[in-house]
2 protein chains.
Amino acid sequence: MSLRHALLGLLAAAPASGYELTKQFEMSLGNAWGARHSQIYPELRRLAEEGLLEAGDEGARGRKEYTITPDGRAELRRWLVDTEPDRSARNEPLLRVFFLWVLPDEEAAAYLDKEAASYRTHLEALDEIDRTAPWGRSPVARMFRISLEEGRRWATTMAEWAEWAAGEIRSGRSAAELEGMS
Amino acid sequence: MSLRHALLGLLAAAPASGYELTKQFEMSLGNAWGARHSQIYPELRRLAEEGLLEAGDEGARGRKEYTITPDGRAELRRWLVDTEPDRSARNEPLLRVFFLWVLPDEEAAAYLDKEAASYRTHLEALDEIDRTAPWGRSPVARMFRISLEEGRRWATTMAEWAEWAAGEIRSGRSAAELEGMS
DNA sequence: AATTGCATGTAAATTGTTACATGATTTT
DNA sequence: AAAATCATGTAACAATTTACATGCAATT
């Protein structure tokens, strides 16, 4: 279960409330893993029961802040170092491309144009984060920047690929003609 | 639910059994979406009940072949054209990178080396598919090749990124020093 | 005074994984 | 004759989403 380790990872940087953690899943982390508040709150409670987190007193508006414990840090480290990442990714936009052949060429190409535009928009959003984020000298900030660069390279590659693919379809090349071209 | 549309998409190309569809999820499709036979068999039954597929007679060893119906093709088209793709991807290797800062620099860099190697291996597997797949002139083959190219560009970008990231960490640059470099 | 945002939770339904269970056919 | 592969299914469990539900605090 990646959710608990994502929560431990976020809380390893700084204590936070369930609400704040939910926002982080919506923002930066959302590109790699998704979670709603309805999943986050019960998981935080469980992690606290297991001693990996410590729950603070209730603040304004019932806010509860969770802090990671030494056991929590150890578990996070164990996950990173001793377990193999699950490489079975889930990506619906990618899935759709396999089936685009059911559409007439021009519709398929138009679909890929839209995909390309979406990746370009995403790239602009990442560039904006890059420009406006408060970059510090901490290891956390350095790794965040490296993650951001990963996102930027990925979005750039996907945009270029979608543009290329739309062109291939419009040029009407058959699979046979494509052979030995890449 | 993407699973049903993935099944419709595969069956739009050719009739197949649940067993064969399971193999396709393990192979090519697995890079974009995963599904086990225990999820596939009941879903095929449901799709047949709804009239989107038609189940053939039982063949050798109880094999059942499903064929897509016109309603099934219409639903596949509707999904591709009229619905927005869910862009909330799930990717555990990406998630881990956000938290690599908890490791000492050399351990984090070693982790990224391993990631890079994994992407290079994946790329080789895709190249092997490229070399050995029976490329035809059909729209299906053309789109499969375009999907394969997507995977190759993605794997190449990720490998290059991981190698760059390991270098950045080993060079000991702080986040502040990284600024204005990209 | 009303709206928006902060803040937490639960319940029901759906989706997905792991484990259990069986049997025929082909290959070694 | 044994092992591997083909082939299908169900049950229990875990993860995730959607919907329901509440209330305080700050802004307009």
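**Note on the protein–DNA surface and the chain pair**

1. By class, the surface near DNA strand D is made up of 4 nonpolar, 7 polar and 6 charged residues. Here Ala, Val, Leu, Ile, Met, Phe, Trp, Tyr, Cys and Pro count as nonpolar, Asp, Glu, Lys and Arg as charged, and the others, Gly among them, as polar. A residue is near the strand if one of its heavy atoms lies within 4 Å of it.

2. A word on conventions: this is a predicted model, where local features need pLDDT of at least 70 and side-chain atom pairs count only at pLDDT 80 or more, while totals for chains, interfaces and linings use all residues. Residues are numbered from 1 along each chain as its sequence is written, and side-chain values use heavy atoms, with hydrogens and water left out.

3. In total, 17 residues surround DNA strand D, and the closest are S38(A), Q39(A), Y19(B), Y41(B) and K64(B). Helix 3 of chain B gives the most to this surface, with 3 residues. Helices are DSSP runs (H or I, at least four residues), numbered from the N terminus.

4. A polar side-chain atom of Y41(B) lies 2.7 Å from a phosphate oxygen, whereas one of H37(B) lies 2.7 Å from a base oxygen.

5. Finally, the chains: a rotation of 180° with 0.0 Å of shift along its axis superposes chain A on chain B, RMSD 0.1 Å (least squares on C-alpha atoms of residues with pLDDT of at least 70 in both). The two copies are thus related as by a two-fold rotation axis.

Key:
Chains are lettered from A and ligands numbered from 1 in the order in which they are written. A polar contact is a pair of N or O atoms within 3.5 Å; within protein, one must be able to donate a hydrogen and the other to accept it, and residues adjacent in sequence count only if both atoms are side-chain atoms. Helices (H or I, at least four residues) and strands (E, at least two) are DSSP runs, numbered from the N terminus.
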